[in-house]
2 protein chains.
Amino acid sequence: MTDVAVLGLGAMGLPTAARLVGPFTVSGFDVSPERRELADGSGVRSAASPAEAVVAGGIALLAVRDEAQVRESLFGADGAAAALGDGGLVVLTSTIGPAAARALASELADAGIALVDAPVSGGPARAGAGDLLIVVGGSGEALDRARQVLDRLASTLAVVGEHPGDGQSMKTVNQLLAGVHIAAAAEAVALARGLGLDPGTVVSTLSAGAAGSFMLADRGPRMVAAYEVEDVEVRSRLDIFVKDMGIVTDAGRTARVPLPLAAAAQQLYLLGHTAGMDARDDSSVVTLLSPPPTER
Amino acid sequence: MTDVAVLGLGAMGLPTAARLVGPFTVSGFDVSPERRELADGSGVRSAASPAEAVVAGGIALLAVRDEAQVRESLFGADGAAAALGDGGLVVLTSTIGPAAARALASELADAGIALVDAPVSGGPARAGAGDLLIVVGGSGEALDRARQVLDRLASTLAVVGEHPGDGQSMKTVNQLLAGVHIAAAAEAVALARGLGLDPGTVVSTLSAGAAGSFMLADRGPRMVAAYEVEDVEVRSRLDIFVKDMGIVTDAGRTARVPLPLAAAAQQLYLLGHTAGMDARDDSSVVTLLSPPPTER
């Protein structure tokens, strides 16, 4: 059985690792002892460091939050890169942007390690069910090796280019749309309230027509609920979009493409961060535009 | 048979009037002699003025472009209001915003004329097929009278409030989402090109997932086509959103609701106007963000 090391056992990494148990022998590492303990309970062999989690020439699947954590996992103290060594494969499921992925691929190649760029879309529940959308940049033997693992995680696996960075580019465009559509749904719910309409009726009436989006149907009802319950269930943290709209606008700036709506959405998520909403559900941005009645 | 006068025989008004022929005796007026001639060919009796088109105490359906044309049709030279008189009914299908509709209702009420606020969503083809989404503010006998006519035009008729302005409020929220989603699709296609991805693949891959919207699926392919053909077919004119994003941001300002994305989208449509794109398909905004290769 192939060994796979999952680095990062957070909201996405833990269900990802658990989903791989069975077809693969899975080890894992997370900086949090609590997450390592949870992993052990899911059939994942937890390790004391990234270096201990991997085997020489094996596969490391990265499921950490951002570029800094990717670099720490690979090149930090007891990092995975030196332990993987020549013939190793890194499967990058984190969203870090195309430029960062290309730089990473180049550094890893110098050590004989291949990178397959495979950012994922879909939350923890879909990760655990093997129902993710995964957009891949890769080719050749590295892609074949990665595909065994990714096929277990994805309901839709789209190879969108041959090179590391291509998957990140597609994911960046995905996040532009997702982040803008959430913010647009927030504006719609806030304006509906401001105009004296019933926001729930607005969401249900408009979701089916020309104004519809996945995010209006998904986040709209949670935005309406934000006025009725103190804290809606956190299905997708707001700080993901603080990070990802930064990747989107960086990519636009580098490619010299004006993105006025993405830039406005980025400011809205930054306002959410400033308001202390990082760990809340991203639908909470609606309360920035239309505060709940103060009597609650 | 009930008489209905359709004022405004443009892209939406003419198929609307033609759809009513049969169940109703339909007269119509447009400032353009060419449109009046087309209407005569569709079984509509064209009149020389709004006043001549209506009968005393009858129904006038307004299908003109904006508030200025609504006011000219009703209160201008040979306007319809004086000819309708006490007991008349105005059915407003144009998008003019909630404040303007309420002011209009108040003025008409002084002359004994009722207003049913019934802005429509859907293009000319759907108007001709009776397949519009119509969001209505109205009540009582006026609503009952209007409903006979609107039922012939709508596949979905949602009475969203009792008062004139309520339909406009819902339509305003609809246009916020539609206008932002079109602009977001344009940013996605432009960024995809800038990152070296195939924009057609991006649109088809992302339309089905969390990044999907009606507008991405509808306008996305036309945006991709904008790089291959000189002028894509005009299915929805860009200047509609120049007008409607103005209504959206006015409504937000009046209700004191910040709308940063709608404001950014409004600027994009205004840039389209400035670039001479008023009469082009609204999908053309993509070329503002990512110009076609100059060799075309």
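Tutor: Helices (H or I, at least four residues) are DSSP runs, numbered from the N terminus; axes are lines fitted to C-alpha atoms, for helices over the stretch in contact, and angles run from 0 to 180 degrees between N-to-C directions. This is a predicted model, in which local features need pLDDT of at least 70, side-chain atom pairs count only at pLDDT 80 or more, and totals for chains, interfaces and linings use all residues. Residues are numbered from 1 along each chain as its sequence is written, and chains are lettered from A and ligands numbered from 1 in the order in which they are written.

Student: Why are helix 13 of chain A and helix 13 of chain B called roughly antiparallel?

Tutor: Helix 13 (residues 260-274) of chain A packs against helix 13 (residues 260-274) of chain B at an angle of about 165°, the axes being 9 Å apart. Angles over 145 degrees count as roughly antiparallel, and the two helices are therefore roughly antiparallel to each other.

Student: Which residues of helix 13 of chain A meet helix 13 of chain B?

Tutor: Among them are A:Pro260, A:Leu261 and A:Gln267, where contact requires C-beta atoms, placed from the backbone, within 7 Å.

Student: What makes the two copies related as by a two-fold rotation axis?

Tutor: Chain A is superposed on chain B by a rotation of 180° with 0.0 Å of shift along its axis (RMSD 0.0 Å), using least squares on the C-alpha atoms of residues with pLDDT of at least 70 in both. The two copies are thus related as by a two-fold rotation axis. In chain A, A:Ser213 has the C-alpha nearest the axis, 1.9 Å from it.

Terms used: Parallel < 35°, antiparallel > 145°, perpendicular 65-115°, else oblique. Contact = placed C-beta atoms within 7 Å.
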